[in-house]
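Hi there,

Here is the structure I promised to pass on. Please have a look at it first, and then read my notes below.

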Amino acid sequence: DIRTAAEVAAQPAAARHIAMPDLLANPDQLARTVRYLLVCASGARSLAAARELRKRGLEVHSLAGGLRGLGA
């Protein structure tokens with residue numbers, strides 16, 4: 001979950017939370033041997049972050065439509 005802390009507080013999700021700026025500043029928080037699914041509210045931020053992290057050698061995907069797409 002790469003949403004802001006305020007977004008997570010308003011609508012919690014059963015996911016590890018690392019805000020997008022923190023994750024992009026320090027992608028070593030993620031193991032390179034694991035596949036990840038990033039989520040945000042609508043899917044736009046997670047898609048942008050996934051693209052950037054893939055450039056850095058991580059296997060990262062984005063949840064299309066985000067949490068809204070799940071009806072969460």
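Helices here are DSSP runs of H or I with at least four residues, strands are DSSP runs of E with at least two, and both are numbered from the N terminus. Please keep in mind that this is a predicted model, in which local features need pLDDT of at least 70 and side-chain atom pairs count only at pLDDT 80 or more, while totals for chains, interfaces and linings use all residues. Residues are numbered from 1 along each chain as its sequence is written, and side-chain values use heavy atoms, with hydrogens and water left out.

Let me begin with Arg3, which sits in the segment before helix 1 (5-10). Is Arg3 buried or exposed? With a relative accessible area of 2%, Arg3 is buried (buried means under 20% relative accessible area, exposed over 50%, and partly exposed in between, with a 1.4 Å probe and protein chains only). The Arg3 side chain makes a polar contact of 2.7 Å with the side chain of Asp1, and a polar atom of the Arg3 side chain lies 3.3 Å from the backbone oxygen of Glu7. By polar contact I mean a pair of N or O atoms within 3.5 Å; within protein, one must be able to donate a hydrogen and the other to accept it, and residues adjacent in sequence count only if both atoms are side-chain atoms. Not counting residues up to four places away in sequence, Arg3 touches a list of residues including His17, Val39, Arg45 and Leu67, where contact means heavy atoms within 4.5 Å.

Ala15 is in the loop between helix 1 and helix 2 (20-25). Its relative accessible area of 39% makes Ala15 partly exposed. Twelve residues separate Ala15 from Arg3 along the chain, and their C-alpha atoms are 11 Å apart.

Two residues of helix 3 are also worth a look. Ser46 belongs to helix 3 (residues 44-55) and is buried, with a relative accessible area of 0%. Which side chain does Ser46 join through a polar contact of 2.6 Å? The partner is Ser62. Setting aside neighbours within four places in sequence, Ser46 is in contact with Ile2, Leu38, Val39, Cys40, Ser62 and Leu63.

Leu53 lies in helix 3 too, and Leu53 is buried with a relative accessible area of 0%. Beyond neighbours within four places in sequence, its contacts are Leu23, Leu24, Pro27, Leu30, Leu38, Leu58 and Val60. Between the C-alpha atoms of Leu53 and Ala41, twelve residues apart along the chain, the separation is 19 Å.

Now for the whole chain. The protein chain has four helices and two strands, in the order α-α-β-α-β-α along the sequence. Its radius of gyration is 11 Å, close to the 11 Å that the globule rule gives for 72 residues, so the chain is as compact as a globular protein of that length. That radius is taken over C-alpha atoms, and the rule is 2.2 Å times the number of residues to the power 0.38. Along its principal axes, the C-alpha trace spans about 30 × 20 × 15 Å. Buried residues make up 35% of the 72 residues. Of the contacts with a separation of 6 or more, 50% come from residues 24 or more positions apart.

Happy browsing!
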